[in-house]
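Student: Could you show me how to read the features of a protein model, beginning with a helix and then moving on to a core and a sheet?

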Amino acid sequence: MNTPEPNAAAPNNSASTNAAPIETGPNNAWPHDAALPLTSVRPYFSVVVLEGEDFAALTDFLLTSGRGDVVARHQAEDLLAFVRRREDPPTWAGPDAGYVDVTHQLTIVLRRGGFLVVCTDRPTQERLQTWLDRQRSLRRYPSEVLESALIRGEVKNLWLRGIHRRSSVKADGKVLSGSSVEQTLSPHEDGSYVAGSARAALPSRPDLLLLKGNAGTTPRNALVWLSTRADFETFTAMATELLDLLEEARADGAERPDFLTMLASPADIADVRDAFEVIIEDPDTLPPGSLSDELRDLALSVRDTPPSVTGFPDSASFVLDGTVEVTPELAGDKVRLDGDSPILDTDLLTVYYQSGHSYSRGRFWQARAPEYPFRNWRFEDFHGWDIRREKPRADSPQKIHDNIGSDNSLFDWVARHYGHGWLICDDGPGEVADFLHIDAARTLSLIHVKSANSHSRLRDVSAAAYEVVVSQAVKNLIYVSRGHLRPQLSRPPVRRPASWIDGQRVRGRRDFLRQLDARVATDDMRVVILQPHVSQRTYDCLRGPAGRGSPELMRLYLLESMLNSARQSATGLNADLEVIASKE
């Protein structure tokens, strides 16, 4: 799932109309001293909370950075409110359509002591976040305080972003909705996610007269929103209540809500060392307009073939593709990757470190969940078999079925080693699995086969070698329901599907289907993945003392995390997952 993070969840303080332009004088220029009557303003309460004294720098940036003309304003010592008027073609219109949408965008800046509250439209919020990353006179309100103050009650919505290596069997992100979704989290399943945004019930307190109901927050952007419109006097009172609530939480120590400790947490750059892998996210995970066309094309070109990484044992710095030196540097309350590559200027890189940390979207993170070993490895002897070849040599689907048993491919290995009970091959379009097997105890096995990436006895661990076959195995779990499985197997992918009883070839699937029909709901079922790329020699070495500190051990952690996730999907359907790998 590629789900954009919500600033999209926050209300938008802009209004548009297709009305014709208002005549204002020569060249449609608005007078700079046009007054904004605050009594007519009713914004949604959606604010960015900042700390610092540089009111002038902030207001100057907001006044000068946007497109369109400022048409009205109200300015005082601790207040700036203005309206910007923009004319743009509708998103559906071509350049010569002749239609114009007129948008009036409201911005309010309040100063209360050493704090600043900014209410503005979504595009301006995004520009403001980028600007905050580049200067030091202002900083976002601490994210841990926002978490402590605003995500204490029942959580109604939670947006999670993964910091794990992209996997076809684990979502890049999650959006959870319910009456109390924090109770649905699992430290094993969700420990590699960070909370991007949340919407939770505000505390019921007599001193909170205006902040009531549910409030949303994106802590890393210091963004807070309520789905409430308010007149200007009420808006300023709500801002004051919010600052009082945040300062009280900070004074009390700003402890993270308990359920957030099951997720990944921010980490100090000083603790991070030895990068070993990087992935590039899909640019569609970012809000529209976040990337130029050139950066989007670059991200798409390197997404599936990310650059190699060389890390340093005592530093968070690393080298991309042997040439680009990258140094993480603190920029305000975020971390910027400094190096000579345009992809570093995007929020699309996730970098993995042997210290157990990840870099994602301007932060270093420490995953809370431990790296559990996968318990269902089965190491077999593949001596004499071609582990690089999945199927027999054949030039048609039917001949693949015909030739099983006369070659040394992995398909032939399955036919030899499942020489007891009832076995069928289902390889072909719409297959349930490459093979299905029922033994004398009526245990049903769905067997998925994938060739190794290398013959070498010194081959490295590779999560990528398992991603496709694990994804297919999880996706085909729908067939473990007998209501789906029986009809599917009644339609073989070829005219003469390969079938065996106790190792002897038989015609058709009639006997196998009879055994399938004889099974009951309490009979065992397993999903079997045959992929001999990982060897027992390598596995035992990495899991022993010699593997400590090895980049290969981190890759094994990533692989076993993927397999544990897939196994959890299988056990949810009363099945189990087993992986057959190689002894050598």
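Student: Which residues are exposed on the other side of α11?

Tutor: This is a predicted model, in which local features need pLDDT of at least 70, side-chain atom pairs count only at pLDDT 80 or more, and totals for chains, interfaces and linings use all residues. Residues are numbered from 1 along each chain as its sequence is written, and side-chain values use heavy atoms, with hydrogens and water left out. An α-helix has 3.6 residues a turn, so residues three or four places apart point the same way. Here R510 and R514 are exposed (over 50% relative accessible area, with a 1.4 Å probe and protein chains only), whereas F512, L513 and L516 of helix α11, a DSSP run (H or I, at least four residues) covering residues 510–518, are buried (under 20%). Seen down the axis of α11, the buried residues lie within an arc of 95° (taken from the directions from the helix axis to the C-beta atoms), so they line one face of the helix.

Student: Which residues have the most contacts inside the largest nonpolar core?

Tutor: In soluble globular proteins, nonpolar side chains tend to be buried together. A nonpolar core is a set of buried Ala, Val, Leu, Ile, Met, Phe, Trp, Tyr and Cys residues joined through side-chain atoms within 4.5 Å. The largest has 60 residues, and V47, L58, I108 and L242 have the most contacts inside it. Helix α5 (residues 232–251) gives the most to this core, with 9 residues.

Student: What is the sense of pairing between β22 and strand β29?

Tutor: Strands of a sheet pair through backbone hydrogen bonds, either parallel or antiparallel. Strands β22 and β29 (DSSP runs of E, at least two residues) pair in the parallel sense over 4 bridges, where DSSP must find at least two for a pair.
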